[in-house]
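Take a look at the model below.

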Amino acid sequence: MNRFYVTTPIYYVNDIPHVGTAYTTIVVDALRRFHLLLGDESRMLTGTDEHGLKLERQSQEEGKTPQAFVDEMAERFRQAWPVLDIETDDFIRTTEARHKQFVQDLWRRIEERGDLYEGEYEDWYCVGCESYKTEKELLPGNLCPIHNKPVERLKEKTFFFRLSRWEKPLLEFYERNPSFVEPATRRNEVISFVSSGLRDLSVSRTSFTWGIPVPGRPEHVMYVWFDALTNYLTALGREGDPLRRHWPPNGRAVHVVGKDILRFHAIYWPAFLLAAGFSEKELPSQVFAHGFLTVDGQKMSKSLRNAVDPLRLARELGADTLRYYLLRAIAFGQDGDFSHTALVERYNADLGKNLGNLLSRTLGLCVKFSDGKTPPIGELGPLERELAATAEQCFANARSAWDELAPHRALEATWALSSAANTYVDRAAPWASAKAGDTARTHTILGTLLEVLRQLSVMIWPAMPRKSDGLRAQLGLAPLAPHAGDAIWPKALAPRPAGEALALGAPLFPTIDKDAEQALLEKLAPHVRQAEAAAAAPAPQPSPEGGAGKSAEPEAASAPINYDTFLGVDLRVGYVKTCEKVPRKDKLLRLSVDLGEPGPRTIIAGLALSFKPEDLVGRKVIVVSNLEPRDFGKGLVSQGMLLATGPSEALHLATVEGDPPPGSRLK
Ligand code: MSP
């Protein structure tokens, strides 16, 4: 039997669970679930990283003992994950006795083999990273490049780990095991880092006490990363413990980590293990580094992170919606953006209109033409054979994508099947065969659809376990309860016997209409609404002192957004038909702009300090056409925004070359 062991990083408890950490944990849970469907012995581990200077300092700031502080914070993580339907097999805390003993054993093993020695260390240290930094890594002003905060100069007695000795063996190991680090770009980074030379690593500290004591030398506590990385093995117990069967060579062990902590996992961790006497075959199978998320196009500052609370999102929209969106919208391994509006769009399009619609129309037809029961299946025609072939392809594609840690592709393949089934209903037209009195044909079509839906309920389970239960309930089926040794990942369509009860229920994914979406955004993402309002404001206006508009300073570049987010902004070519001043508003002009629609749009813009109305008539402009209308009061409503640059009194309008027809889209 195959064994699959998948881990998240253990999270520092100085923070609370946020979309970034929820993302990793959801992916890992989905991978665990996928392997359960294959019948593998599948095991997931997550937990909390609770030692180190950062946490010692934070507990002091809060006037608590470190233990009281970490106890409180770890609970927040433990309680968060079930809200997101994450079912971890174990939750490890580095302050547990089992971990302390395990780490001390590992230390002793390395010491006995000669790779630890005493010395004195002096270098820069970033408390945020809990990591030493070399001079050349720092930004001007001695700032940590990740935290943008000053690093500290540390000089203390320490134990060194002889990392330099492992440079060559590591390079050979990467060479022999090219899938150890994924994706490939990250592997190249690791190889080039190791090739440029490894220095011995300081692995103990004497200037603070919140850590695991070094055996026999209690004035030293272990470096927090030595302690933390070991968690993955602590949780499986010592050699001989039955759980150790999950570790290579008997199992496949995959560490999912963010790209910022790849170096620790891909270099230090295997080096510690090799130094403790593990063979290459006993090293983890893979370290997979994922990218970083921005939120609505902005870097996740702590305040923004906390504003986007994954638990609140799950309570408002259902954990499945959040899970689906994160797994589907972000290519695993690359950076991505978490966007509230894209989330609602995907919910409506993929979940509501596609899968949800397939279920409700199929069950509606079964109620009408098959007495609300599974119908008998007769002879299959070309349309059924075509759908069956597509289904088999989708089963295989989704399976290999999950296996390659590409949830986004797995879900794409899953939804390709749902789309194919929707197309099949339209083409097979069971209502027409029913009207013609061909009951056998009608039943064959409905039976085929029910079978596709049954298989889809399995395929969506890793991403959306609760919706899978809901879907199955309507199909009259019990929730999935996969167990090791019993592979239930679909291979081919195999319809159910006739006469089993179905249970058409409420829509699985009720549509979120525009009003509900606005209300949701208001509640969940006030920053998005504020940003929209700012964007909808008329072109830049000088402050009363005339300051802002005069500034010639370049604006800072915005955080990157993905292509889908960009496509969400509908830019059109407009022709100004009329333009007039707005009475008693000295900065505003009222324009009517032809966007190729049945009637022109009224646009209110802050252009009056730069243009006379007659200058604008007949000009080509670029309009953001899908902004919500903005109400300026007294019946002044703007139905779009013009693009321009410069201060209010010297604006330049954006335009296009040539003569494209009004309404042409810019992409
Ligand atoms: N405690 C260490 C890990 C030790 S593992 C032996 C740690 N903890 S952390 O809480 O700071 O970060 C945990 C993970 O969250 C990292 O993988 C990090 O990449 C990830 N993320 C933090 N912010 C993130 C985003 N904005 N986007 C995606 N992942 C993010 O490092």
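Predicted model: local features only at pLDDT ≥ 70, side-chain atom pairs only at ≥ 80, totals over all residues.

The expected span of a helix is 1.5 Å times one less than its number of residues. Helix 3 covers residues 66–83, which makes 18 residues. From its first C-alpha to its last it reaches 27 Å, close to the 26 Å expected.

Which residues of helix 3 are buried? They are Phe69, Val70, Met73, Ala74, Phe77, Ala80 and Trp81. These residues cover an arc of only 115 degrees around the axis, so they sit on the same side of helix 3. What do they pack against? The partners are strand 2 (11–12), helix 1 (19–37), strand 3 (41–49), helix 2 (53–61), strand 4 (90–93) and helix 11 (310–317). Just after helix 3 comes aspartate 85, with a positive phi of about 60 degrees.

Helix 2 is one of those partners. Its own buried residues are Leu53, Lys54, Leu55, Glu56, Gln58 and Ser59. Their cover includes strand 2, strand 3, helix 3 and strand 10 (204–205). After helix 2 comes glycine 63, and its phi is positive too, near 65 degrees.

Now step back to the whole chain. The protein chain has 667 residues, and 53% of them count as buried. It holds 23 helices and 26 strands. Along its principal axes, the C-alpha trace spans about 85 × 80 × 45 Å. Consider the contacts between residues at least 6 apart in sequence. Of these, 76% join residues at least 24 apart.

Next, follow a chain of helix contacts. Helix 1 packs with helix 12 (residues 319–329) at an angle of about 90 degrees, and their axes are 10 Å apart. That angle makes helix 1 roughly perpendicular to helix 12. From helix 1, the residues Val19, Tyr23, Ile26, Val27, Asp29, Ala30 and Arg33 take part. From helix 12, they meet Leu322, Arg323, Leu326 and Leu327. By class, this contact has 8 nonpolar, no polar and 3 charged residues.

Helix 12 also meets helix 15 (residues 407–428). Their axes come within 6 Å and cross at roughly 105 degrees. What does that say about their directions? Helix 12 and helix 15 are therefore roughly perpendicular to each other. Here Tyr324, Leu327 and Arg328 of helix 12 meet Pro407, His408, Leu411, Glu412 and Trp415 of helix 15. The residues of this contact divide into 5 nonpolar, 1 polar and 2 charged. Notice Leu327: it is listed in the contact with helix 1 and again in the contact with helix 15.

Two single residues deserve a stop. Leucine 273 lies in helix 9 (residues 262–275). Is leucine 273 buried or exposed? Its relative accessible area is 0%, so it is buried. Setting aside residues up to four places away in sequence, leucine 273 touches Leu233, Trp247, Phe278, Leu283 and Pro284. Glutamate 239 is 34 residues from leucine 273 in sequence, and their C-alpha atoms are 14 Å apart.

Glutamine 286 is in strand 14 (residues 286–290). With a relative accessible area of 10%, glutamine 286 is buried. Leaving aside neighbours within four places in sequence, it is in contact with Ser179, Phe180, Glu182, Ala253, Val254, His255 and Leu405.

Most residues other than glycine have a negative phi, and most peptide bonds are trans. Where are the exceptions? One is the cis peptide bond that joins glutamate 182 and proline 183, with omega about -10 degrees. Proline 183 is in the loop between strand 8 (181–182) and helix 6 (184–195). Another cis bond joins proline 248 and proline 249, with omega about 10 degrees. Proline 249 is in the loop between helix 8 (231–234) and strand 13 (252–258).

Positive phi values turn up in loops as well. Asparagine 148 has a phi near 60 degrees. It is in the loop between strand 6 (131–133) and strand 7 (152–161). At 51% relative accessibility, asparagine 148 counts as exposed. Alanine 429 has a phi near 45 degrees. It lies in the loop between helix 15 and helix 16 (430–435). Alanine 429 is buried, with a relative accessible area of 13%.

Conventions
Residues numbered from 1 in each chain as written. Heavy atoms only, no water. Helix = DSSP H or I, 4+ residues; strand = E, 2+ residues; numbered from the N terminus. Buried < 20%, exposed > 50% of the residue type's maximum accessible area, 1.4 Å probe, protein only. Arc of directions from axis to C-beta. Contact = heavy atoms within 4.5 Å. Axes fitted to C-alpha atoms, helices over the stretch in contact; angles between N-to-C directions. Parallel < 35°, antiparallel > 145°, perpendicular 65-115°, else oblique. Nonpolar A, V, L, I, M, F, W, Y, C, P; charged D, E, K, R; others polar.
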